[in-house]
Amino acid sequence: MKVAVTYENGEVFQHFGRTPQFKIYEIENGEVKSSQVIDTGETGHGALAGFLQETGANVMICGGIGGGAINAMAESGIKVYAGASGNADEVINSYLEGTLAEVGEATCNHHDHEHHGDHDCGHGGCHH
């Protein structure tokens, strides 16, 4: 099994569609066997689902994610765990322990309202 985590500088990156990298963890018998960091080339929301599918990822863990991206991930057969934050390796341990909640809805709805400056999609929602 492979688990992808949105990644930047050791931390879970908080905006799925803009993640510069994924850290891909190879899981066997409930343990991390190996991991590698892969640059996304900043391919954007739609292309990232296909990008992850090509890596063989079964699960994706991120901070904020919108509804369209969740749908694209579901169509690719990839389970989404959103609202994660902090050290990526610690988050993987939470996933392996079964304490990371799977979400089926958007944790970032910034596409549904007007923007006034930058925003940061993070734990539990979209913060301006």
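Alanine 4 has isoleucine 24 in β3 as its bridge partner. Strands here, like helices, are DSSP runs numbered from the N terminus, with at least two residues (E) for a strand and at least four (H or I) for a helix. Before I go on: this is a predicted model, where local features need pLDDT of at least 70 and side-chain atom pairs count only at pLDDT 80 or more, while totals for chains, interfaces and linings use all residues. Residues are numbered from 1 along each chain as its sequence is written, and side-chain values use heavy atoms, with hydrogens and water left out.

Back to β1. β1 and β3 run antiparallel and are joined by six bridges; two strands count as paired if DSSP finds at least two bridges between them. With β5 the pairing is parallel, over three bridges, and there valine 3 stands opposite valine 59. With β2 the pairing is antiparallel, over two bridges, and glutamate 8 has glutamate 11 as its partner. β1 and β2 form a hairpin with two residues between them, and in that turn asparagine 9 has a positive phi of about 55°.

How enclosed is β1 by the rest of the structure? Largely, because five of its seven residues are buried. Buried means under 20% relative accessible area, exposed means over 50%, and partly exposed is in between, using a 1.4 Å probe and protein chains only.

Next, helix α3, residues 88-97. Its buried residues are Ala88, Val91, Ile92 and Tyr95. The face turned away from the buried side carries the exposed residues Glu90 and Glu97. What covers the buried residues includes β1, β2, β3, β4, β5 and β6, where contact means heavy atoms within 4.5 Å.

At the N-terminal end of α3, asparagine 87 is the cap, with a side-chain oxygen 2.9 Å from the backbone nitrogen of aspartate 89. Just after the helix, glycine 98 takes a positive phi of about 80°.

Last, salt bridges, meaning a side-chain nitrogen of Lys or Arg within 4 Å of a carboxyl oxygen of Asp or Glu. The structure holds two. In one, aspartate 89 pairs with lysine 23, the closest N and O atoms being 3.0 Å apart. That pair links distant parts of the chain, helix α3 and strand β3, 66 residues apart. Aspartate 89 is partly exposed at 36%, whereas lysine 23 is buried at 11%.

Conventions: A polar contact is a pair of N or O atoms within 3.5 Å; within protein, one must be able to donate a hydrogen and the other to accept it, and residues adjacent in sequence count only if both atoms are side-chain atoms.
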